[in-house]
Amino acid sequence: MESDGIGADERIATNRLANLTSQLTSSSPRERLLQKNPDDIVVTCALRTAFTKGGRGGFKDTHAGDLLVGIFQGIIKKSGIDPTLVDDISVGNVLSPGGGATEFRAAAIVAGFPVRTCVKATNRQCSSGLQAIVDIASAISAGIIEIGIGAGVESMSLNYGPEAVSEFSELLNSVKKAKDCKVPMGVLSEEFAKKCVHSRQVQDEFAAKSYQKAEAAQKAGLFDEEIWPLEVNFEDSKSGETKRIVVKADDGVRPGMTVEALGKIKPAFAKDGTIHAGNASQISDGAAAVLLMKRSTAEKLGQTIIGKYVTAAVVGVDPLLMGIGPWASIPKVMNRLGINKDDVDIFEINEAFATQCMWCIRELWLDEEKVNPKGGAIAFGHPLGCTGARQVSTLLTELRRTGGKIGMTSMCVGTGMGMAALWVAE
């Protein structure tokens with residue numbers, strides 16, 4: 001019995017009511033976002049592997065499941081979490097056979113999670129990693145689980161190709177909007193660039209800046225905190241010798257990249273096109289994972305809180321305009337929270353193609369200095385199912401380093417969607 005006659009449950013309820021009242025009377029939506037409450041869904045660890053070039057890079061011989069084993073072990077070691085406490089793991093993936101469900105369950109067991117820890121795979125194209133995290137956050141918020149991991153992984157070296165897209169039936173092909181869902185994204189982006197009057201020059205200028213920012217960040221060690229090194233097998237393509245190597249840096253970053261150098265690359269989708277391998281996202285391999293729980297749980301376990309998840313939005317757009325997804329989804333998040341672009345310190349927007357990312361930045365009237373300050377997918381790659389999880393580790397690390405607080409992650413999604421989520425660094 002408490003000395004003042006109030007029981008523990010009643011005291012908790014009273015405190016939560018006081019916190020809620022405080023939120024409602026705060027002077028601005030931004031201040032409300034910065035408040036801390038026991039039921040906040042917080043991040044206590046966010047890591048990624050390095051991203052490596054598809055077919056040539058350090059992970060070209062490493063299966064998606066093996067990448068997951070490495071990043072799961074990284075989460076366990078860096079956070080100090082007892083793996084028996086993790087209830088569920090959701091893994092974003094696009095290309096693995098069978099959706100990756102069997103492989104990823106096996107990977108979790110190899111990494112050290114007990115059989116009671118559940119695993120699922122989820123596929124929402126390029127937002128799969130973010131969707132996996134949101135699924136876990138939602139399950140925690142609903143009381144379905146207490147602790148979970150949202151992750152993403154892709155081995156484009158081993159799984160990327162024509163077979164990744166299924167043939168449509170006569171029924172699906174009979175409806176134009178449905179048939180549009182399978183038009184290749186590179187072809188769509190060429191048409192988009194023409195409609196937006198984005199010359200090759202301006203696209204190459206945007207791409208060069210991405211490379212230059214990534215190179216500067218890499219040289220300054222700004223990626224080191226978010227990258228968990230992995231030791232893997234690597235077959236030398238010339239000698240055929242297999243050796244063990246440690247992969248600890250993105251190998252797609254091209255030092256000294258300039259607009260002039262990009263101008264020498266041949267167009268990829270049309271002879272007279274403007275899109276090429278240098279101003280579109282790289283085909284890459286990699287994995288990322290984010291550990292989530294309620295703030296009250298993290299404090300009880302002594303977990304270090306590095307940020308919190310606030311909310312997310314997914315929006316459908318015309319399949320032929322899939323690149324505008326961030327333009328549709330970012331305002332939906334901001335409107336829900338009552339904030340505006342000036343309240344956000346950093347935007348991580350996936351650079352699927354220079355043309356669509358440029359358009360979204362312009363149409364949202366964003367400060368370019370706030371967008372992808374360490375470069376983006378053009379410079380270091382876009383392992384499809386992984387990017388949404390990678391963005392969280394990149395964002396929270398940079399917010400904490402620079403003293404920023406509020407960040408947004410977003411991406412366009414193949415077949416015509418956009419997704420965005422808001423985060424607060426601590």
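**View 1. Asn 372, a buried residue with a positive phi in the loop between H14 and helix H15**. In this predicted model, Asn 372 counts as buried, because its relative accessibility is 1% and the cut-off for that class is under 20%. The residue is placed in the loop that lies between H14 and helix H15 (377-380). Although Asn 372 is not a glycine, its phi is positive, at about 45 degrees. As background to this view, most residues other than glycine have a negative phi.

**View 2. Val 197, an exposed residue with a positive phi in the loop between helix H9 and H10**. Val 197, which is likewise not a glycine, has a positive phi of about 55 degrees, and its place is in the loop between helix H9 (185-196) and H10. With a relative accessible area of 69%, Val 197 is exposed, because that class begins over 50%.

**View 3. The crossing of helices H10 and H14**. The axes of helix H10 (residues 200-219) and helix H14 (residues 354-363) come within 9 Å of each other and cross at roughly 85 degrees, which makes H10 roughly perpendicular to H14, because angles of 65 to 115 degrees are placed in that class. On the H10 side, the contact is made by Val 202, Gln 203 and Phe 206, while H14 contributes Ala 354, Thr 355, Cys 357, Met 358 and Ile 361. Sorted by class, the contact of H10 with H14 has 6 nonpolar and 2 polar residues, and no charged residues.

Technical notes: Residues are numbered from 1 along each chain as its sequence is written. This is a predicted model: local features need pLDDT of at least 70, side-chain atom pairs count only at pLDDT 80 or more; totals for chains, interfaces and linings use all residues. Side-chain values use heavy atoms; hydrogens and water are left out. Axes are lines fitted to C-alpha atoms, for helices over the stretch in contact, and angles run from 0 to 180 degrees between N-to-C directions. Helices (H or I, at least four residues) and strands (E, at least two) are DSSP runs, numbered from the N terminus. Angles under 35 degrees count as roughly parallel, over 145 as roughly antiparallel, 65 to 115 as roughly perpendicular and the rest as oblique. Contact means heavy atoms within 4.5 Å. Ala, Val, Leu, Ile, Met, Phe, Trp, Tyr, Cys and Pro count as nonpolar, Asp, Glu, Lys and Arg as charged, and the others, Gly among them, as polar. Buried means under 20% relative accessible area, exposed over 50%, partly exposed in between (1.4 Å probe, protein chains only).
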